[in-house]
Amino acid sequence: QVQLVESGGGLVEPGGSLRLSCAVSESIARFYYMAWYRQAPGKARELVASDRSDGVRDYGGFVKGRFTISRDNDLNTVHLQMNSLQPEDTAVYYCAAHWTNFHVYWGQGTQVTVSS
């Protein structure tokens, strides 16, 4: 019954920025961690960023300092600030709320397209 609603995707030129947002229907402070994943056509889903409830953050190796995950526990939202976007970042980006590593609630995804 947990719902996650994503927004902020769109079309940007290489080098541009986007800020994705995920509104969660329950207190995100109670989840083990929040995360962003992405999946490009023909490719496997991969972790973009995670934000554990104790503040520990992790990023996929391709991020290379370009993205930042953050949360607002009062507003029950999680964000992904993406800078220096490149065409290979084109994918559907999904917000996820983890009770555990395997009990996960997913958002519907938001399309990010990086193209000139």
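His-79 sits in strand S8, which covers residues 77-82; strands here are DSSP runs of E with at least two residues, and they are numbered from the N terminus. The model is a predicted one, so local features need pLDDT of at least 70 and side-chain atom pairs count only at pLDDT 80 or more, while totals for chains, interfaces and linings use all residues. Residues are numbered from 1 along each chain as its sequence is written, and side-chain values use heavy atoms, with hydrogens and water left out.

With a relative accessibility of 13%, His-79 counts as buried. That label means under 20% relative accessible area, with exposed being over 50% and partly exposed in between (1.4 Å probe, protein chains only). The side chain of His-79 has a polar contact of 3.0 Å with the side chain of Ser-21, and another of 3.4 Å with the side chain of Thr-77. A polar contact is a pair of N or O atoms within 3.5 Å; within protein, one must be able to donate a hydrogen and the other to accept it, and residues adjacent in sequence count only if both atoms are side-chain atoms. Setting aside residues up to four places away in sequence, His-79 touches Arg-19, Leu-20, Ser-21, Trp-36, Thr-68, Ile-69 and Ser-70, where contact means heavy atoms within 4.5 Å.

Tyr-37 belongs to strand S4 (residues 33-39). Tyr-37 counts as buried because its relative accessibility is 12%. Its side chain and that of His-98 are joined by a polar contact of 3.0 Å. His-98 also turns up among the residues that Tyr-37 contacts beyond four places in sequence, a list that includes Arg-45, Glu-46, Leu-47, Val-48 and Trp-106. As for Phe-102, it is 65 residues from Tyr-37 along the chain, and the two C-alpha atoms are 14 Å apart.

Now for the aromatic rings. Across the whole structure, a search turns up five aromatic pairs. Rings of Phe, Tyr and Trp (its six-membered ring) pair if their centres lie within 6.5 Å; planes under 30 degrees apart count as stacked, over 60 as edge-to-face and the rest as tilted. One of the pairs is Phe-31 with Tyr-105: the ring centres are 6.3 Å apart and the planes stand at 80 degrees, so the pair is edge-to-face. This pair links distant parts of the chain, with Phe-31 in the loop between strand S3 (18-24) and S4, and Tyr-105 in strand S10 (residues 104-106), 74 residues apart. Phe-31 and Tyr-105 are both buried. Tyr-32 and Tyr-33 make up an edge-to-face aromatic pair too, at 4.9 Å centre to centre and 75 degrees between the planes. Tyr-32 has a relative accessible area of 34%, so it is partly exposed, whereas Tyr-33, at 13% relative accessibility, counts as buried.

Trp-99 is in the loop between strand S9 (91-98) and S10, and counts as partly exposed at 30% relative accessibility. Beyond its neighbours within four places in sequence, Trp-99 is in contact with Glu-26, Arg-30, Phe-31, Tyr-32 and Tyr-105. Pro-14, on the other hand, is 35 Å from Trp-99, C-alpha to C-alpha, and 85 residues apart from it in sequence.

Two loop residues have backbone angles to note. Lys-64 is not a glycine, yet its phi is positive, at about 50 degrees. Lys-64 is in the loop between strand S6 (57-59) and strand S7 (67-72), and at 72% relative accessibility it counts as exposed. Asn-76, likewise a residue other than glycine, has a positive phi near 55 degrees. Asn-76 lies in the loop between S7 and S8, but at 18% relative accessibility it counts as buried.

Finally, a search of the whole structure finds one cavity of 30 Å³ or more. On a 1 Å grid over the protein atoms alone, a cavity is a set of points where a 1.4 Å probe fits but cannot get out, and lining residues have an atom within 4 Å of a point. The largest cavity holds about 50 Å³ of space, a volume being the space filled by probe spheres set on the grid points, which are joined across faces, edges and corners. Its lining is made up of Arg-38, Gln-39, Ala-40, Lys-43, Ala-44, Glu-46, Glu-88, Thr-90 and Ala-91.

How values were computed
On a 1 Å grid over the protein atoms alone, a cavity is a set of points where a 1.4 Å probe fits but cannot get out, and a pocket is an open set with protein on both sides within 12 Å along at least five of seven lines; lining residues have an atom within 4 Å of a point. Helices (H or I, at least four residues) and strands (E, at least two) are DSSP runs, numbered from the N terminus.
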